[in-house]
Amino acid sequence: MPLRTQHPDQVSGPGINPEIWKPTRPSEGLLDAPLRSRFATTGFMVEDGRLIGFASRPEKYAGESFALDFDITHFVEQYPRVPYRDGNTIRHHTFDYYTVRQPGIRACVAIKHSSRVEKSGIRKVLKLIAEQAGRKIADEVVLMTEADFTRNERFNAELVHEIRRHPVPEHDNHVRLIAAEIIGAVSIADVVKLSGLAAEGFRATVRLIADRFFRLADVDDRIDYHTRIRRY
């Protein structure tokens with residue numbers, strides 16, 4: 001069953017309020033993640049209104065982290081599909097992610113669980129692709145595992161992903177207004193207190209971190225009430 005959705009312009013009808021429900025944009029990838037697997041965590045998530053499929057837990061970590069990485073301007077899962085020669089045989093490899101990082105650096109990213117790297121032979125495949133394709137497909141060919149994401153990065157990415165699933169635009173706009181004159185770094189608790197929204201003020205602040213209105217004063221911090229942030 002393909003994980004595709006209709007374009008927002010194709011969806012209309014009585015009782016549909018576009019301010020409450022916005023159809024999810026389809027995946028931009030070439031392959032759909034399998035809906036069931038005996039050996040891996042598979043599924044899909046929505047980031048920035050777009051469907052993102054994943055076929056393993058490290059791929060899920062990567063998608064959530066890429067969505068929160070301020071340096072990454074765009075990413076696509078299960079893309080591109082690249083031909084390469086292995087001896088006398090032409091093979092194809094579909095990368096788990098394609099990313100574009102400021103200032104326009106393109107990367108083809110293979111994601112593997114660290115315990116499966118050697119058995120999979122992925123290092124040889126990436127070496128052959130890098131040698132044969134050069135910069136035609138990307139500036140970098142990268143292998144990543146779950147070890148490339150720190151505990152705090154994973155915590156922050158999952159927290160932001162969960163909170164963004166429940167948008168409250170009026171709360172976000174309220175926090176934007178009260179924080180417009182902030183200079184320097186303040187704690188999230190300070191912003192929440194100024195907002196008067198209690199826990200909803202925390203959630204709004206987290207969404208504004210994802211929206212690049214705020215940024216972490218220390219990029220390695222775990223997001224909580226004591227975390228210091230500044231205007232982006």
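Tutor: The buried residues of H7 are Gly-201, Phe-202, Ala-204, Thr-205, Val-206, Arg-207, Leu-208, Ile-209 and Ala-210. Buried means under 20% relative accessible area, exposed over 50%, and partly exposed in between (1.4 Å probe, protein chains only). Helices (H or I, at least four residues) and strands (E, at least two) are DSSP runs, numbered from the N terminus.

Student: Is this a predicted model or what?

Tutor: It's a predicted model: local features need pLDDT of at least 70, side-chain atom pairs count only at pLDDT 80 or more, and totals for chains, interfaces and linings use all residues. Residues are numbered from 1 along each chain as its sequence is written, and side-chain values use heavy atoms, with hydrogens and water left out.

Student: What covers the buried residues of H7?

Tutor: The cover includes helix H1 (57-68), H4, helix H5 (169-178), H6, E10 and strand E11 (228-231).

Student: And which residues does Phe-202 contact?

Tutor: Skipping neighbours within four places in sequence, Phe-202 is in contact (heavy atoms within 4.5 Å) with Leu-159, Ile-163, Ile-188, Val-192, Ile-223, Asp-224 and Tyr-225.

Student: How many residues does the largest nonpolar core have?

Tutor: That core has 23 residues, and Phe-202 is among those with the most contacts inside it. A nonpolar core is a set of buried Ala, Val, Leu, Ile, Met, Phe, Trp, Tyr and Cys residues joined through side-chain atoms within 4.5 Å.

Student: Which helix gives the most to this core?

Tutor: H7 does, with 6 residues.

Student: New topic: what happens just after H7?

Tutor: There, Arg-212 takes a positive phi of about 65 degrees.
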